[in-house]
Amino acid sequence: ARDHFLDRAQVGALIAYMGDALMSVDLPTPAIVKPVELWTGKQLFGMLIRPRAADRIFVNLEVAEKNYSKNDNKHMCPRDGYVCIQNSEIMCGQLGKATLGSGNKNGLFYVLNSEYGSERTASCMNRVAKLAARWLGTRGFSVGIDDVTPGHRLQDEKGKVVNRGYDACDERIEAFKAGTLALQPGCDAEQTLEAEVLGILSTVRETAGNVC
């Protein structure tokens with residue numbers, strides 16, 4: 001969060017988490033100098049990407065996260081949902097699935113692998129995994145029934161999406177029985193039916209997930 005700062009002891013502990021207390025880092029200038037030196041989480045993650053200046057890792061990327069509220073000034077998103085990294089320093093944004101997840105060609109690990117190779121990418125991923133696991137082990141993480149119970153709006157939307165998907169599947173099955181199902185290239189009727197039904201159900205799952 002933008003209003004959360006870390007003192008020197010906390011920064012040292014988190015660096016030890018990510019590097020097994022064996023990694024040397026170049027500590028950046030604190031975001032707040034007086035009356036107490038304080039660093040931000042963004043600075044900490046910058047050290048995770050490039051522990052030392054001698055490593056010569058300069059990542060540059062911009063990614064819109066799920067909580068990004070579209071406006072004219074992307075970098076001043078009130079939800080901090082637009083990630084901007086320049087020369088391995090996080091200028092703005094909260095890192096989430098779009099930045100750290102797989103499948104995004106603008107994501108951190110994709111850019112690292114493309115520009116600096118698999119070894120450095122694997123080292124960065126290892127630091128992320130160690131930091132996340134040890135941070136949760138220290139801070140704690142709990143989930144209640146209310147956190148995993150869908151609300152009325154989600155249940156209604158999910159029901160509509162699922163019903164539309166089932167109707168589309170029923171249409172394909174009826175066409176298959178009647179022998180009027182349009183075949184896909186290189187497939188017979190059964191293979192075409194299976195491919196189309198799986199495609200419809202996959203779309204239902206993704207659409208229902210986006211409602212969340």
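**View 1. Glu89 in S5 is the bridge partner of Gln86.** Strands and helices here are DSSP runs, with strands (E) of at least two residues and helices (H or I) of at least four, numbered from the N terminus. This is a predicted model, so local features need pLDDT of at least 70 and side-chain atom pairs count only at pLDDT 80 or more, while totals for chains, interfaces and linings use all residues. Residues are numbered from 1 along each chain as its sequence is written, and side-chain values use heavy atoms, with hydrogens and water left out. S4 (82–86) and S5 (residues 89–92) run antiparallel and are joined by 3 bridges; two strands count as paired if DSSP finds at least two bridges between them. The hairpin has 2 residues between its strands, and Asn87 takes a positive phi near 50° there.

**View 2. S3 and S4 pair in the antiparallel sense.** Here the pairing runs over 4 bridges, and Glu62 stands opposite Cys84 in S4. S4 is mostly covered, with 4 of its 5 residues buried (buried means under 20% relative accessible area, exposed over 50%, partly exposed in between; 1.4 Å probe, protein chains only).

**View 3. Leu44, Val59 and Leu108 touch the most other members of the largest nonpolar core.** The elements giving two or more residues to it are helices H1 (8–19), H2 (41–49), H4 (108–116) and H5 (118–139), plus strands S3 (61–64) and S4 (82–86). H2 gives the most, with 5 residues. Zoom in on Val59 and you'll find contacts (heavy atoms within 4.5 Å) to Ile49, Ile85, Gln86, Asn87, Ser88, Leu108, Val111, Leu112 and Tyr116, leaving out residues up to four places away in sequence. Apart from this core lies another, of 9 residues, among them Val161, Cys169, Ala175 and Val197.

**View 4. Asp20 and Arg134 meet in a salt bridge.** A salt bridge puts a side-chain nitrogen of Lys or Arg within 4 Å of a carboxyl oxygen of Asp or Glu; the structure holds 6 of them. In this one the closest N and O atoms are 2.8 Å apart. Asp20 sits in the loop between H1 and S2, and Arg134 in helix H5, 114 residues apart. Asp20 is partly exposed at 33% relative accessibility, and Arg134 is partly exposed at 33%. Lys130 joins in too: Asp20, Lys130 and Arg134 are linked in a network of salt bridges.

**View 5. Glu37 and Arg8 form a salt bridge through their side chains.** The N to O distance is 2.7 Å. Glu37 belongs to the loop between H1 and strand S2 (39–40), while Arg8 is in helix H1, 29 residues apart. Glu37 is partly exposed at 32%, and so is Arg8 at 47%.

**View 6. Glu196 and Arg172 meet side chain to side chain in a salt bridge.** The N to O distance is 2.7 Å. Glu196 is in helix H8 (residues 189–211) and Arg172 in helix H7 (residues 152–178), so the pair ties together parts that are 24 residues apart in sequence. Arg172 is partly exposed, at 26% relative accessibility.

How values were computed
A nonpolar core is a set of buried Ala, Val, Leu, Ile, Met, Phe, Trp, Tyr and Cys residues joined through side-chain atoms within 4.5 Å.
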